[in-house]
Amino acid sequence: MESWVAAFILAVLGLGMAQVVAAARFRARILRLAARLHDTPATRDIEDRLPPIVADFARRAGAEPGAGLRVATFAQDGELRLRQGGRFAPTVAWQVVALGRAGFLWDARQSLGPVETLRVIDAFVAAEGVLEARLFGSVPVARLSGRELTLGEAFRYLAELPWAPDAILGNPDLVWRVTGSDRVEVRLATQAGTARVTFTFDANGDVTGMEAKDRPARDGSGRMTRLDWRGRFGDYRQIGPRRLPEYGEVGYDWPGLGYEPYFRGRIRDYHVAP
């Protein structure tokens, strides 16, 4: 009997150690992706290429052309649901956004009390998309890559530009086009296709809405499809060195069902760095 107890204890300890090692390797992978973003080119002065409404928005946020910045970082407190019609779960995240070239890393966590139950990384690094989820930060439950994911992540980079005004003034890969009195499209060419997002501005010149056609997404059964995508921004205030929309949400227009958000949250602890 004692030998069985000892074997059981050793097995539990071995499993626990394996999870600790796997979680450490996952954390190291996240840090390597973040380091690659810190090594991207610095912002350049491209203000003369921008529609005035776009340049004015970035200037009012506090961005300066040619400032030589590489990344913005911030934290998020929000809610995320992982499937259509699912329940929202509290989510905290840390995000790094490249400013002189398209790229980002979103490191998100869900917890039950003090126990981390799920850790997700969603990224666009070196022009490739990455999506990976692990239970308890160690047990792989999803890992996606490929052309459709890469294109979808390029859409996300564009959609979150209101949280990266320095990229608006300093990323030469972005192409802007006025499409209405209060609407401007921005596009980004990638190896997987061209991502396009349209922003809506209010009377004060602030971005309040985002929409895009045919973003790659997974339907309720997990199959890849294309869906219209939209979101909104609000509660502008000074956060660190920039005036930004504190609140943001995003969701899909599901055929026959309409708009359903899958993320909503607020940002804090905003920083920019060369």
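This is a predicted model: local features need pLDDT of at least 70, side-chain atom pairs count only at pLDDT 80 or more; totals for chains, interfaces and linings use all residues.

Q: Which residues lie nearest the centre of the largest pocket?
A: Those are Arg81, Leu82, Leu131, Tyr252 and Tyr262, out of 47 residues that line the largest pocket. A pocket here is an open set of points on a 1 Å grid over the protein atoms alone, where a 1.4 Å probe fits, with protein on both sides within 12 Å along at least five of seven lines; lining residues have an atom within 4 Å of a point.

Q: OK, back to the largest pocket. What's its volume?
A: About 1,200 Å³. That volume is the space filled by probe spheres set on the grid points, which are joined across faces, edges and corners.

Q: And which helix gives the most to the lining?
A: Helix H3, residues 147-159, with six residues. Helices (H or I, at least four residues) and strands (E, at least two) are DSSP runs, numbered from the N terminus.

Q: What is Leu158 in contact with?
A: Leaving aside neighbours within four places in sequence, its contacts include Leu174, Val186, Phe199 and Arg196. Contact means heavy atoms within 4.5 Å. Leu158 and Arg196 are 38 residues apart along the chain, with 7.7 Å between their C-alpha atoms.

Q: Switching to strands. Which strands pair with E13?
A: Strand E1 (residues 71-80) pairs with E13 (residues 258-273) in the antiparallel sense over nine bridges. Strand E12 (residues 242-254) also pairs with E13 in the antiparallel sense, over eight bridges. Two strands pair if DSSP finds at least two bridges between them.

Q: Who sits opposite whom?
A: Asp77 has Arg266 in E13 as its bridge partner, and Gly248 stands opposite Gly265 in E13.

Q: How many residues are there between E12 and E13 in their hairpin?
A: Three, and Gly256 in that turn has a positive phi of about 80°.

Q: Which other residues have a positive phi?
A: Asp214 has one of about 55° although it is not a glycine, and Asp269 is another non-glycine, with phi near 55°. Most residues other than glycine have a negative phi.

Q: Where are those two?
A: Asp214 is in strand E10, residues 207-218, and Asp269 is in strand E13. Asp214 counts as partly exposed because its relative accessibility is 42%. Asp269 is partly exposed too, at 46%.

Q: Now the big picture. How many helices and strands does the chain have?
A: Four helices and 13 strands. The radius of gyration is 20 Å, close to the 19 Å that the globule rule gives for 274 residues, so the chain is as compact as a globular protein of that length. The radius is taken over C-alpha atoms, and the rule is 2.2 Å times the number of residues to the power 0.38.

Q: What share of the residues is buried?
A: Buried residues make up 49% of the 274.

Definitions and conventions: Residues are numbered from 1 along each chain as its sequence is written. Side-chain values use heavy atoms; hydrogens and water are left out. Buried means under 20% relative accessible area, exposed over 50%, partly exposed in between (1.4 Å probe, protein chains only).
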